[in-house]
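Me: I would like to learn how to read the features of a protein model. Could you take me through one?
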Amino acid sequence: MKSILLADNEPDFLAVRVQFLERAGYRVYTAGSPAEAQRLLSDLRLHVAILDIRLVDDDDDKDTSGLTLAKDPAYRLVPKIILTQHPTFDAVREALGPVLDGLPPAVAFLEKKEGVEEMLHAIEWALAHHLRLNWDLAVHWDPQGRLGFLALANALSDGLPTELLVQRAGELEDLFRKLFYEARQIRIGRLLWHGGGRLCMPVWAQSPQGATDQRLLVCGTRDALTEETTRLRRLAPSTQSGVRLESTAETVHFSAVVYSLPDADLETVQPLRDLFLGGSERRVRPAFAHLVQEVLRAWHQHGRTVAEGGDLIALYRQRAGLAERGLPRAEVERRVQVLLQAARCLGPVEMEGDGAQLTFRFPQESRLVCPDPVATV
Amino acid sequence: VNEDPAAKATLLLLGEQPQSAWACALREAVAEWGVVDVATEGEATAAVARRGYDLVLVDAGGVWDAAALVRALRAERPGIRVAVVTASPTWKRAREALEAGSVDYFRKSLDRTALRAIIESVLALVPPLWPPKGDRP
């Protein structure tokens, strides 16, 4: 069922609109203050939020708390409809325009007296064009995997109370419906790995025409996934044979990434860790050889060029910041002497330096001779 | 600001006379980095079909229906950046223009500095990806 948040500080208006919206088939949550609206936006699986501009004081033209909430980047993925009894040109512009990162603060703007029909029309518009969930997607779970959206939510949001866990499970379902917007049905395979706020599983997606694509899906908390996709976009080699990022989707708390692995059989694929722990040497050896010689080679060569005749010491000095501001010889000599004096208190070791070598004489042991750092300056 | 004349931003102004006070103010405001073409409402879709303008400015006071024109321009060239300008803004017309897919709806100004600032900010906006909202019930 599609869920809507209706936030207004006028209880009578809320009560009447809730009746109409529920009659239209929506589950409606209400909030009477900015704090309550914010809590529900954070906790619940919401498909649309309808926010009155003045959530604190209807008579205060400085009260734009609903608009402020609409602009909060934490909830940018929930399509919002702005509602007001006092429409102005500036408020419309602030709510519907300017689009800086592809999304305006709100997707529709309504005057309260425009009525229920207009509100229902705006909700349908927001659901169809801004939320874009595949409501008809059939989701099948691998019976061996013992998974479900609740199990996934539990794995990603450990320790949440049951009522919030149920909301997160619904949010994950929305994430999949967003991710496979074009598919008719998907089959979700066993959990391949889980950790670091992410989990991974194979998914087979069937198009309305009947073609099936096998994909690897990684989903997790938004922070964890953002880090993964940022690294991937920056570092991944552009080879055609490797893993390719196909699509991404986000909800308020979760993100997901779909990869294609053109050469892999996802029915039998397993994490390298599992192979290493449980596989025979005969299977592990070629896997590591492939990892090092093919996969990592491509990743490390990405964006690099081979320079002939380079000097490794010069490169080290350059990377360590020693190239241009080296210490003068006298300063190095002074520091070495300070170190030698400080080291004498550590034990009965005799030390001497002659500018070319440092000699350490340990009791009842042979002496140790090292190059004097001063000589390298 | 791009100093290369060949790479200047291209603006198309619709619904204004080429020598009107606002058209002249606009030309002067963006002269350093932009060029302004002027066309009538009837020439609009052909003009954007011919050339991918960086920004199309629709003067709401000089066209029959600004929101309809925004929809027509987006239908002709999806992804085009259109903004509606007006001397007398109203919330309903602002809503129509923004729902039709204009990236902004702002009040005309003859102050060159303010005008340049707003055009620069509008040029940074992303045209909406979703289709224009349909007629109200």
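Reply: Gladly, and let us start with one pair of strands. In chain A, strand β3 (residues 48-52) and strand β4 (residues 80-84) run parallel and are paired over four bridges. Strands here are DSSP runs of E with at least two residues, helices are runs of H or I with at least four, and both are numbered from the N terminus. Two strands count as paired if DSSP finds at least two bridges between them. This is a predicted model, in which local features need pLDDT of at least 70, side-chain atom pairs count only at pLDDT 80 or more, and totals for chains, interfaces and linings use all residues. Residues are numbered from 1 along each chain as its sequence is written, chains are lettered from A and ligands numbered from 1 in the order in which they are written, and side-chain values use heavy atoms, with hydrogens and water left out.

Me: Which residue of β4(A) stands opposite I50(A)?

Reply: That is I81(A). In general, side chains in a regular strand alternate between the two faces of the sheet.

Me: In what order do the strands of the chain A sheet lie?

Reply: The order is β2-β1-β3-β4-β5, five strands in an open sheet with parallel pairing. At the edges are β2 (27-31) and β5 (108-111) of chain A, each pairing on one side only. Neighbouring strands are turned by 20 degrees against each other on average, direction ignored. For such angles, axes are lines fitted to C-alpha atoms, for helices over the stretch in contact, and the values run from 0 to 180 degrees between N-to-C directions.

Me: Which strands does helix α1 of chain A lie across?

Reply: Helix α1 (residues 11-23) lies across β1 (3-7), β2, β3 and β4 of chain A, at about 165 degrees to β2(A). Helix α4 (residues 89-96) of chain A lies across β4 and β5, at about 150 degrees to β5(A).

Me: How do β11 and β12 of chain A run, parallel or antiparallel?

Reply: Antiparallel: six bridges join β11 (residues 244-250) to β12 (residues 254-260) in chain A. A hairpin of three residues connects β11(A) to β12(A), and T248(A) stands opposite V257(A).

Me: How should I read a salt bridge?

Reply: Side chains of opposite charge can pair when their charged atoms come close. The rule asks for a side-chain nitrogen of Lys or Arg within 4 Å of a carboxyl oxygen of Asp or Glu. One case is K112(A) with E10(A), at 3.7 Å from N to O. K112(A) is in the loop between β5 and α5 (115-131) of chain A and E10(A) in the loop between β1 and α1, so this pair ties together parts 102 residues apart in sequence.

Me: How many residues of each chain are in contact across the interface?

Reply: With contact meaning heavy atoms within 4.5 Å, 23 residues of chain B touch 24 residues of chain A. The two chains bury about 2100 Å² between them, 68% of it on carbon and sulfur atoms; buried area is the accessible area (1.4 Å probe) that two parts lose on being put together, summed over both.

Me: How many salt bridges link chain B and chain A?

Reply: Two. One of them joins D104(B) to R93(A), whose closest N and O atoms are 2.7 Å apart. On the side of chain B that touches chain A, α4 (91-100) and β5 (104-107) of chain B are the elements that give two or more residues. The most come from α4(B), with five residues.
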